[in-house]
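Please keep the sequence and the model in view while reading.

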Amino acid sequence: MAVYKIFPEKDTTIYSKYPDMNTGLDQILEISNEVSLLSGSIPYVSRALIKFPTSEIEEVLNNMVLPTVNTESINTLSPIISPNGLYSASLKLYLADASNLPDTYSLECYSVSQSWEQGTGRFLYDPYDKTNATWVNRDNTNEWLTASFYTNSTASFQSTNPGGGTWWFAYAGSQTFGINQTKDTNIDVTNIVSEYNINIENDGFLLKMGGTNEFNTSSSFSLKYFSRDTHTIYLPQLEIKWDDSVYNTGSLTLLTNENIAITLGNNIGKYNRNDVYQFRVNARDIYPARQFTTVSVYTLNKALPSSSYWALQDLNTGEYVINFDENCTKLSCDPSGNYFNMYMAGLQPDRYYKILIKSSFNNGTSVVYDNAYIFKLNK
């Protein structure tokens, strides 16, 4: 299994209500539709722009995911390669506040078709910053196109207030939300990321309300997400996942029921941000069968079922940083035991994390083993 989280290099919100206002240093990204006496018959809308570093995306895809070498037995940590070369990419934003949301709505995510600069403004600075990305401008010298778009590129705005960014309409993702669903985003953007440096350049993502909810003349609503400038742990993320698991038990005995003891044999407790670490999972029966041997049965390592996974929690908040995933958090196995690889670069530094192990057995039982396997990521 492999999960790699990439954090933004820039983001901002652009507002049709304030077409020349930059908000590049805001702690919030806002997607909204506002109907008021001031707006009259033309609602005000806001959209979010966010870009992740091209070099880091290329490093993950070219050197970790896409190589075709099948590492049937991985004895070193560099490189860690997906045997099948398949991956998924998701845009994850975390909700800070929301108001007056429709029962059902969708968010649309597009690949931006022009470059833009973040700027250093904040919402309603007095006077507010008019440089770099705004509803009208994409940087200090260039406006967003409002006509004569690039082939396969488009925009959407009211004729009295042109701007709002441009995007490639063929490279898009979306997510629909119901009334009782979490409002954090997990938008599949694989079809966008996979086209970088092939058919499109990485100029980031544009997020907007979908369908008739944008420029809706009868209702106001607002979604506010944490930006890269937040002082919380909830930064936007581009999460790339792929299956690098290899399952080969060799001569190990397979564990067949949930009465087992699990330990992490090589957890050193503290790691650095650039580390790629292979955790070894030791497992044995709690009540081993009596046998005549010169070796203690309590030291004999056994193999967990192939339907075994790991997850990572933030120790302070209890939230899953990486949840159990049947496709991308599988435990690997070699003749020495089970293991999994973790990329520390995608975690927030100076925090404590807890590892959990989940196994599903042939008797239909699934058990999560929470034995306080804790580590800290250094600054």
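How much space lies in the largest pocket? About 560 Å³ lies there, where a volume is the space filled by probe spheres set on grid points joined across faces, edges and corners. The model is predicted, so local features need pLDDT of at least 70 and side-chain atom pairs count only at pLDDT 80 or more, while totals for chains, interfaces and linings use all residues. Residues are numbered from 1 along each chain as its sequence is written, and side-chain values use heavy atoms, with hydrogens and water left out.

**Largest pocket**

- A pocket is defined on a 1 Å grid over the protein atoms alone, as an open set of points where a 1.4 Å probe fits, with protein on both sides within 12 Å along at least five of seven lines; lining residues have an atom within 4 Å of a point.
- The lining of the largest pocket comprises 28 residues, and K5, K92, Y94, Y320 and V321 lie nearest its centre.
- At least two lining residues come from each of β1 (2–6), β13 (237–242), β18 and β21 (351–360); strands are DSSP runs (E, at least two residues), numbered from the N terminus.
- The lining has eleven nonpolar, eight polar and nine charged residues; Ala, Val, Leu, Ile, Met, Phe, Trp, Tyr, Cys and Pro count as nonpolar, Asp, Glu, Lys and Arg as charged, and the others, Gly among them, as polar.

**Salt bridges**

- Side chains of opposite charge can pair when their charged atoms come close.
- With a salt bridge taken as a side-chain nitrogen of Lys or Arg within 4 Å of a carboxyl oxygen of Asp or Glu, the count comes to 16.
- E9 and K51 meet in one of these, at 2.6 Å, N to O. E9 belongs to the loop between β1 and β2 (10–15) and K51 to strand β4 (residues 44–51), so the pair ties together parts 42 residues apart in sequence.
- E9 is partly exposed at 35% relative accessible area, whereas K51 is buried at 9%; buried means under 20%, exposed over 50%, and partly exposed in between (1.4 Å probe, protein chains only).
- D243 and K330 form a salt bridge at 3.6 Å, N to O. Because D243 lies in the loop between β13 and β14 (260–264) and K330 in the loop between β18 and β19 (332–334), this pair ties together parts 87 residues apart in sequence.
- D243 is buried, with 16% relative accessible area, and K330 is partly exposed, with 25%.
- D350 and K379 meet at 4.0 Å, N to O. D350 is in the loop between β20 (337–343) and β21, and K379 is in the segment after β22 (366–377), so parts 29 residues apart in sequence are tied together.
- D350 is partly exposed at 39%, while K379 counts as exposed at 77%.

- L315 sits in the loop between β17 (308–314) and β18 (320–322) and is partly exposed, at 37% relative accessible area.

**Loop contact**

- G163 lies in the loop between β8 (153–154) and β9 (167–177) and is buried, with a relative accessible area of 1%.
- G163 and W135 are 5.3 Å apart in space, C-alpha to C-alpha, and 28 residues apart in sequence.

Methods
Helices (H or I, at least four residues) and strands (E, at least two) are DSSP runs, numbered from the N terminus.
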